Amino acid sequence: MAIVKNIEFNNFRNFKNFQTSFDNKLNILFGDNGCGKTNILEGISLIAKGRGIRNSNISNLIKKDEDNFSIKNNLEIKKNNYDVHIFTENINDKFKKVIKINNDLSKDSLNFLNQSISYLIFLPEMERLFQTSPSYRRNFLDRLIFSSRNNYNRLINKYKKLILERSKILQVNNIDKDWLIQIEKEICLLGLEIHSLRNTQLNSINNELNILKTEYKFQFNVELEIKDDFLNDDIDFDKYLLNLQHSRVHDKHYGGTRIGPHKSDIISIINNDFEASLLSTGQQKTVVLMILIAQCNYLINDQKLSPIFLFDEIASHLDKHNRNILLDMINRFEIQFFLTGTDKNLFSFVSTNAHFYNITAL
């Protein structure tokens, strides 16, 4: 179990110098819009691999007119304390995030950290998850996979790189066919692996939702699935490769690659009747919270991982169904929570054990 004990910012986002300690269980950050609540969550999320909850360029994290940022944390993992220092390095005008664990930069230390910490995230735009773009829903699902497989982003990034490389090759007059075929083979292998992992992830969430509904009365039944006209149960490597080769003329003319997991969509069927895109904003939020509680159940019981919850502006559209799910999460799981909102009174429904932080006053 990983717990963020404290954090110290220097030249990070809107903070010149800022530090605070956190409770092991429930932390609620409140204050006016723009005061830095989300920036604190972002700083916490940077402890793990990647560019944080906003996926921002590292240079954009540095306070205006400053040269670098520094974030220091004390992290408790399995009752042991670790000092984690995150800072920037500028190499050839390109900023890079660097992490030291107990002043150690070794790969073993980074692997230990990445295997020990996991996040489940709610952002305000997720309230309209099923009315946003398919790419946003794919990213949402990929975040869930990443919460238990910290090497998953490498798979996604390599796939995207090969898709771009193939597009560049198709635009030149003298195509290196051997190189093109090799790239297409790799695209097929990675594409099938991504599709399989996404299906596995959705199946585990659906199974967890079925388990949870026996002990928790959800507002409705939810079934997640992948919608893709090309990728299906019958697809295999040879069919994938043949279709990819047949699409070369189309892809050269229109750009991109018209088949593959980057074209999939994630849909949610409600009560075996209609898609979640027809739900209200508050009801879509209910679906997202149901997915997150199911994923948390899976991480803790199957993967033996205790995630940290980062819930940004969670208090809007928080009807009784959403409050009940949120309270159930807090009471059910012995893990650390970070919630943000504009007003302390928005969280009057939580227990007195919550620790409140007025960011406006800091």
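This is a predicted model: local features need pLDDT of at least 70, side-chain atom pairs count only at pLDDT 80 or more; totals for chains, interfaces and linings use all residues.
Reader: Which residues line the largest cavity?

Author: The lining is formed by Leu-129, Phe-130, Arg-137, Phe-140, Leu-141, Leu-144, Leu-202, Ile-205, Leu-224, Ile-266 and Ile-291. Two elements give two or more residues each, namely helix H3 (134-146) and helix H5 (177-212).

Reader: And which gives the most?

Author: Helix H3 does, with four residues.

Reader: What volume does the largest cavity have, and how many cavities of 30 Å³ or more are there?

Author: Its volume is about 70 Å³, and the structure holds one cavity of 30 Å³ or more.

Reader: Turning to the largest nonpolar core, which residues touch the most other members?

Author: Ile-44, Ile-47 and Phe-311 do, within a core of 115 residues.

Reader: What does Phe-311 touch?

Author: Setting aside residues up to four places away in sequence, Phe-311 touches Leu-41, Leu-120, Phe-122, Leu-289, Leu-292, Leu-326, Met-329, Phe-338, Leu-339 and Thr-340.

Reader: Now Gln-245: where does it lie?

Author: Gln-245 lies in helix H6, which covers residues 237-246. Apart from its neighbours within four places in sequence, Gln-245 is in contact with Ile-181 and Glu-184.

Reader: Why is Gln-245 called partly exposed?

Author: Its relative accessible area is 26%, and partly exposed applies because that value falls between the 20% limit for buried and the 50% limit for exposed.

Reader: How far apart are Gln-245 and Pro-307?

Author: They are separated by 62 residues in sequence and by 42 Å in space, C-alpha to C-alpha.

Note on methods. Residues are numbered from 1 along each chain as its sequence is written. Side-chain values use heavy atoms; hydrogens and water are left out. On a 1 Å grid over the protein atoms alone, a cavity is a set of points where a 1.4 Å probe fits but cannot get out, and a pocket is an open set with protein on both sides within 12 Å along at least five of seven lines; lining residues have an atom within 4 Å of a point. Grid points are joined across faces, edges and corners, and a volume is the space filled by probe spheres set on the points. A nonpolar core is a set of buried Ala, Val, Leu, Ile, Met, Phe, Trp, Tyr and Cys residues joined through side-chain atoms within 4.5 Å. Buried means under 20% relative accessible area, exposed over 50%, partly exposed in between (1.4 Å probe, protein chains only). Contact means heavy atoms within 4.5 Å.
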